[in-house]
Amino acid sequence: MKLKLSISTCPNDTFMFDAMLHRRIDTEGLDFDLTMADIEQLNAAALAGEPDITKLSYASFPLVADRYRILGSGSALGRGNGPLLVSRHKLYPDELRDARIAIPGEHTTANRLLSLFFPEASDKRVYLFSDIADAVLSDECDAGVLIHEGRFTYRGKGLRLVADLGEEWEKRTSLPLPLGAIVVSRRLDEQLARTVERVLRRSVEYAFAHPEASAGFVRSHAQELSEEVTKSHIELFVNRHSADLGEEGRRAVVRLLELENEEAFL
């Protein structure tokens, strides 16, 4: 059976999905029609109900909860890996009210965290995540929220940290931060959805056991070509919660989204 699968080009996704896409593992008869896109494009496609399986910002899940369920595998969820608010010039948090801020999408977890911790920051401008650093460096924006590889390279570009949004989350909740989920369409019956989850978990476990196997696939889609940056990205965003969300991971998701029941999860 062929299923429509959408993921981002980021190293954590390509690392986790490589084995199932390239049949390094038993996919239990499943085949995948792959689409790769920026996270906000993935959010938009999920809002339209298009893919069978997709990467999704956790913050946008409530908008699609009637059409998708969260898989226990594949999440980007952890500690010390949150979005970073940066600027070119010295900028204090109490100056954000009048600042032009570049964000990677209206429905991203990064934007939700910015709204939670700095509600006065209202002048937000949407950019492709990989263009945000340049928007700040060129003074198109006074500050920007960096995600993915940007957190590893901003200092070298001359940007400075205003606030670590993930650190703020952890200080206030003592929970890991849910960034991105893998969700499955409710069009799929539960047995098929469970098969998808098993295959994905198997793919993540294979990636952990054979990290070199996905290197070519990861490198061909990475925004930052530095092997060191790519390795650091995977180590930060792929962890035990990626193989199995677990009880703590579910509690973190419920806290972020204020979910009321377990129907959100497969």
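## Close-up views of a predicted model

**View 1. L3 sits in strand 1, which spans residues 2-7.** Strands here are DSSP runs of E with at least two residues, and helices are runs of H or I with at least four residues, both numbered from the N terminus. This is a predicted model, in which local features need pLDDT of at least 70, side-chain atom pairs count only at pLDDT 80 or more, and totals for chains, interfaces and linings use all residues. Residues are numbered from 1 along each chain as its sequence is written, and side-chain values use heavy atoms, with hydrogens and water left out. Is L3 buried or exposed? L3 counts as buried because its relative accessibility is 4%; buried means under 20% relative accessible area, exposed over 50% and partly exposed in between, with a 1.4 Å probe and protein chains only. Leaving aside neighbours within four places in sequence, L3 is in contact with residues including L30, F32, I53, L188 and V196, where contact means heavy atoms within 4.5 Å.

**View 2. Five strands make an open, mixed sheet in the order 8-7-9-6-10.** At its edges are strand 8 (124-126) and strand 10 (160-164), each pairing on one side only. Two strands pair if DSSP finds at least two bridges between them.

**View 3. Helix 6 (residues 165-173) lies across strand 9 (143-146) and strand 10.** Helix 6 runs at about 30° to strand 10; axes are lines fitted to C-alpha atoms, for helices over the stretch in contact, and angles run from 0 to 180 degrees between N-to-C directions. Helix 6 also packs against helix 11 (residues 246-257) at about 100°, with the axes 12 Å apart. Helix 6 is therefore roughly perpendicular to helix 11, a label for angles of 65 to 115 degrees. W169, R172 and T173 of helix 6 meet A252, R255 and L256 of helix 11.

**View 4. The largest nonpolar core holds 47 residues.** Such a core is a set of buried Ala, Val, Leu, Ile, Met, Phe, Trp, Tyr and Cys residues joined through side-chain atoms within 4.5 Å. Y58, F61, I70, L85, I101 and F118 have the most contacts inside this core. Beyond four places in sequence, the contacts of I101 include L85, L96, L114 and V145.

Key: Angles under 35 degrees count as roughly parallel, over 145 as roughly antiparallel, 65 to 115 as roughly perpendicular and the rest as oblique.
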